Amino acid sequence: MKLYNLVMVLLSLGLVYNCSSEDNMPQTEDPSPDESTYFPPLSSETWDSKSLSEVGWNITQLQPLLDFLEEKNTKGFIILHNGKIVVESYMNGHSETSPWYWASAGKTLTTTVTGIAEDEGLLDINDKVSDYLGTGWTSIPLEKENLITCKNLLSMDSGLDDTLGDSISAENLQYIADAGNRWAYHNVYVKLQDVISSASNQTWNSYFDTNLKNKIGMTGAWIPFGDLNVYWSTVRSMARFGLLTSANGKWEDTHIVSENFLNDATNTSQAINQAYGYLWWLNGKSSYHLPQSQFEIQGALIPNAPSDMYCALGRDDQKIYIVPSKKLVVIRMGEAAENVDFALSSFDNNLWEKITLVID
């Protein structure tokens with residue numbers, strides 16, 4: 001709890017937006033089928049909403065969904081449809097102004113900022129990591145180190161040993177396979193933040209704030225925790241990021257990150273784990289791998305969810321789900337629903353069973 005208390009102090013001043021319950025939010029007119037995506041203002045508490053009846057959802061199934069979320073240790077939950085809030089609820093002592101950690105769901109922030117830096121010509125993800133960090137950033141032979149590209153870090157197929165813990169010191173980055181030949185969930189992706197810092201001649205925090213956070217009205221902060229760099233924010237700030245991604249990298253008329261990069265990021269990135277893009281998890285594939293495992297599991301990642309859904313998954317069930325076919329962004333923050341998992345858990349499939357009863 002010490003880390004949580006520290007973060008609450010660090011983020012308490014000017015961090016968050018206030019929000020109202022769904023009952024008090026202004027309702028919009030019935031949308032047309034070709035309704036354009038809505039974006040909330042950058043520096044305002046305002047976020048337009050829709051009622052469940054406006055989108056044709058089943059209101060009788062909403063309370064069972066919210067009861068399930070509360071029972072499963074959820075703190076904040078949002079469903080956006082085409083950018084507007086349809087469901088927003090806080091529980092278990094949380095509020096709309098409370099920050100919470102993204103855990104590994106925040107990996108996708110690093111993905112997006114990498115794409116922004118590539119769009120600006122600062123880096124090429126096909127370049128060797130050592131082109132930006134210098135040689136010797138690992139403890140593996142130079143000819144093996146030079147096989148590792150920035151894309152390998154995005155795809156989790158660096159070939160570095162994932163069994164040695166979270167440290168990304170050179171001494172802890174050991175060889176287990178050639179880059180591209182083994183998929184393994186590894187904290188080494190954090191080195192991309194150093195790559196971006198080197199390529200931009202800025203600190204990671206400065207580049208992140210200027211090129212992503214401030215441009216979409218997010219609040220929050222990166223909090224170092226050992227060798228981890230964990231993002232903390234409100235639920236609504238997580239929803240802003242999900243909205244940007246669902247809108248193919250645009251915020252209103254401004255391109256934040258290229259659609260081509262996001263398309264690559266949200267499709268299979270390597271030949272080993274079909275359900276993994278650039279730090280995004282992909283539903284609807286024929287098989288998948290899980291963290292800390294080399295087993296291939298047959299079937300879709302989350303069978304109860306739409307097949308085109310992709311998601312950011314973090315420890316203790318931090319979730320960003322994006323469903324292009326239904327124009328949905330779904331956010332869940334909170335404690336672990338049941339057991340502690342690094343990414344996927346049984347909660348995902350159970351939650352989507354409940355969500356589907358509402359939206360279909």
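Asparagine 201 is exposed, with a relative accessible area of 72%. In this predicted model, the residue sits in the loop that links helix H7 (191–200) to helix H8 (204–213). Its phi is positive, at about 60 degrees, although asparagine 201 is not a glycine. A positive phi, near 70 degrees, is also found for asparagine 73, again a residue other than glycine. Asparagine 73 belongs to the loop between H2 and S1 and is partly exposed, because its relative accessible area of 32% falls between the limits of 20% and 50%.

The loop between helix H2 (62–71) and strand S1 (74–81) also holds lysine 72. With a relative accessible area of 15%, lysine 72 counts as buried, since the cut-off for burial is under 20%. Its side chain is joined to that of glutamate 338 by a polar contact of 2.7 Å. Leaving aside residues up to four places away in sequence, lysine 72 touches Arg332, Glu335, Ala336, Ala337, Glu338 and Phe347.

Isoleucine 125 is located between helix H3 (107–119) and helix H4 (130–133). Its contacts, not counting residues up to four places away in sequence, are with Thr114, Glu118, Thr149, Cys150, Lys151, Leu154, Phe261 and Tyr278. Asparagine 172 lies 47 residues from isoleucine 125 along the chain, and the C-alpha atoms of the two are separated by 23 Å.

The second largest pocket has a volume of about 300 Å³. Two or more lining residues come from each of helix H9 (235–246), helix H10 (259–265) and strand S13 (328–334). The lining comprises 20 residues, and those nearest the centre of the pocket are Thr245, Ser246, Ala247, Asn248 and Pro324. By residue class, the lining of this pocket divides into nine nonpolar, nine polar and two charged residues.

Confidence in the model was examined along the chain. The average pLDDT of the chain is 91, and 91% of the residues score at least 70. Residues 1–32 have a pLDDT below 50; in the model this stretch makes 64 contacts beyond near neighbours in sequence.

Technical notes. Residues are numbered from 1 along each chain as its sequence is written. This is a predicted model: local features need pLDDT of at least 70, side-chain atom pairs count only at pLDDT 80 or more; totals for chains, interfaces and linings use all residues. Side-chain values use heavy atoms; hydrogens and water are left out. On a 1 Å grid over the protein atoms alone, a cavity is a set of points where a 1.4 Å probe fits but cannot get out, and a pocket is an open set with protein on both sides within 12 Å along at least five of seven lines; lining residues have an atom within 4 Å of a point. Grid points are joined across faces, edges and corners, and a volume is the space filled by probe spheres set on the points. Helices (H or I, at least four residues) and strands (E, at least two) are DSSP runs, numbered from the N terminus. Ala, Val, Leu, Ile, Met, Phe, Trp, Tyr, Cys and Pro count as nonpolar, Asp, Glu, Lys and Arg as charged, and the others, Gly among them, as polar. Buried means under 20% relative accessible area, exposed over 50%, partly exposed in between (1.4 Å probe, protein chains only). A polar contact is a pair of N or O atoms within 3.5 Å; within protein, one must be able to donate a hydrogen and the other to accept it, and residues adjacent in sequence count only if both atoms are side-chain atoms. Contact means heavy atoms within 4.5 Å. pLDDT is the predictor's confidence in each residue, from 0 to 100.
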